[in-house]
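Please look at the sequence and the structure together before reading the report. The notes are meant to be followed with the model open.

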Amino acid sequence: MLRSRVQAGVLAAVLLNPDRWFSLSELGETAGAALASVDKEVQLLETAGIVSGRTEGTMRLYHASHLGPGLAPLVQLLRLSYGVPQVIGEEFGSVRGACRLIVGGAWAQRFAGVPGPAPDSIDLVVVTELGRPADQDELNLAAGRAELRLKRPVRWHLSGIETDRTLTMPAHWDGEPIVEVRMVGPVGTVRGREDFAAGRAAILQLLESGQLTLTNGPDARSEPALELAEQHVIAAEQIATDAPQSAHLLLAEAGELIATGLLAQQGLRVDPTAHPNTAGNAVTAQFGHQYSHVVQLRERSTALHVPANRLSADEARISTGTVRALLVEARSRSSRLPLFDAKSDSTA
């Protein structure tokens with residue numbers, strides 16, 4: 001159906017991350033292709049209206065321009081196929097101690113063009129930093145989230161393999177095809193200047209459209225919202241086994257409180273008439289992929305109104321751990337957040 005593997009890689013990146021802007025070099029890493037090939041595919045997608053571009057300084061950035069109902073089936077197909085590296089990179093990229101991610105097994109064989117049956121699981125090697133073992137609980141949570149998104153088991157194991165080679169295309173390890181995954185880690189001190197600019201631009205756009213408003217004084221504090229979020233998480237932990245759906249509703253609300261708390265610390269408030277995903281999208285644009293769980297939790301809770309979309313105790317347990325980790329990160333971040341200055345050009 002797709003004209004090339006490069007096109008599929010570019011589509012997987014932009015369609016599975018509709019709120020993020022990508023440079024050509026980032027799309028090249030994701031698609032495993034030369035910049036000339038990526039540029040050609042991006043131009044075709046831009047002409048088709050699927051991708052939009054803008055110039056930031058000397059850099060050209062791209063993102064998904066439209067995610068209407070006609071594209072929804074394509075998004076799902078890409079997530080389950082070419083989106084596997086994207087999902088794995090997002091969910092495992094923030095695990096402390098992990099420095100490389102390598103997918104092997106049947107999925108890597110099919111991706112490399114080796115004929116055979118469809119893979120029933122994803123086999124992942126997590127390479128750890130020397131002297132810094134990866135956190136087992138974080139790995140299990142990441143695997144659980146990836147399984148929910150990819151609809152198949154993710155089997156991971158640790159390795160201390162040492163190599164200075166970066167594998168951006170299917171390669172081989174002991175004669176078997178492998179694919180190295182680009183890690184999408186939490187936003188921190190290594191964040192690029194263009195990412196700060198993109199996050200700031202997203203907030204300015206939300207302010208201009210009226211979905212966010214500026215506030216100050218005693219309302220510019222995150223702690224009240226974060227304290228209530230913690231109470232929701234504690235309650236969810238207590239009922240996750242016997243009432244997983246009720247637990248998930250509490251966790252979805254906790255995620256919203258985390259997002260609104262961080263915005264409050266910046267002197268920002270979501271307008272009552274704004275889109276339900278506004279808070280989640282605003283913190284994701286500024287602080288990184290890990291906050292996209294806020295929107296995912298909310299959308300999952302909305303789907304629970306359909307009887308067929310029941311939620312298991314395992315999913316509630318995974319979501320509980322995810323929200324608790326997000327709460328810890330938000331508390332650490334909020335203490336360093338200044339008020340948002342709509343007139344400043346600073347990207348720091």
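The report below treats the nonpolar cores, a helix pair and one arginine in a predicted model.

## Nonpolar cores

The largest nonpolar core of this predicted model has 36 residues, and Ile258 and Tyr291 are those with the most contacts inside it. At least two residues of this core come from each of α8 (193-208), α9 (223-239), α10 (244-265), α11 (278-287), α12 (292-303) and α13 (313-334), and α10 gives the most, with nine residues. In soluble globular proteins, nonpolar side chains tend to be buried together.

Leaving aside residues up to four places away in sequence, Tyr291 touches Ile258, Leu262, Gly280, Val283, Thr284, Leu326, Glu329, Ala330 and Arg333.

## The α9 and α10 pair

The axes of α9 and α10 come within 8 Å of each other and cross at roughly 165°, which makes α9 roughly antiparallel to α10, because angles over 145 degrees count as such. The crossing in which α9 passes α10 is left-handed.

On the α9 side, the residues making the contact include Ala225, Leu228, His232, Val233, Ala236 and Ile239, while those of α10 include Pro244, Ala247, Leu250, Leu251, Ala254, Leu257 and Ile258.

## Arg200

Arg200 lies in helix α8, and this arginine counts as buried because its relative accessible area is 14%, where buried means under 20%. The side chain of Arg200 reaches the backbone oxygen of Asp341 at 3.0 Å.

Methods:
Residues are numbered from 1 along each chain as its sequence is written. This is a predicted model: local features need pLDDT of at least 70, side-chain atom pairs count only at pLDDT 80 or more; totals for chains, interfaces and linings use all residues. Side-chain values use heavy atoms; hydrogens and water are left out. A nonpolar core is a set of buried Ala, Val, Leu, Ile, Met, Phe, Trp, Tyr and Cys residues joined through side-chain atoms within 4.5 Å. Buried means under 20% relative accessible area, exposed over 50%, partly exposed in between (1.4 Å probe, protein chains only). Helices (H or I, at least four residues) and strands (E, at least two) are DSSP runs, numbered from the N terminus. Contact means heavy atoms within 4.5 Å. A polar contact is a pair of N or O atoms within 3.5 Å; within protein, one must be able to donate a hydrogen and the other to accept it, and residues adjacent in sequence count only if both atoms are side-chain atoms. Axes are lines fitted to C-alpha atoms, for helices over the stretch in contact, and angles run from 0 to 180 degrees between N-to-C directions. Angles under 35 degrees count as roughly parallel, over 145 as roughly antiparallel, 65 to 115 as roughly perpendicular and the rest as oblique. A crossing is left-handed if the near helix is turned anticlockwise from the far one by less than a right angle, and right-handed if clockwise.
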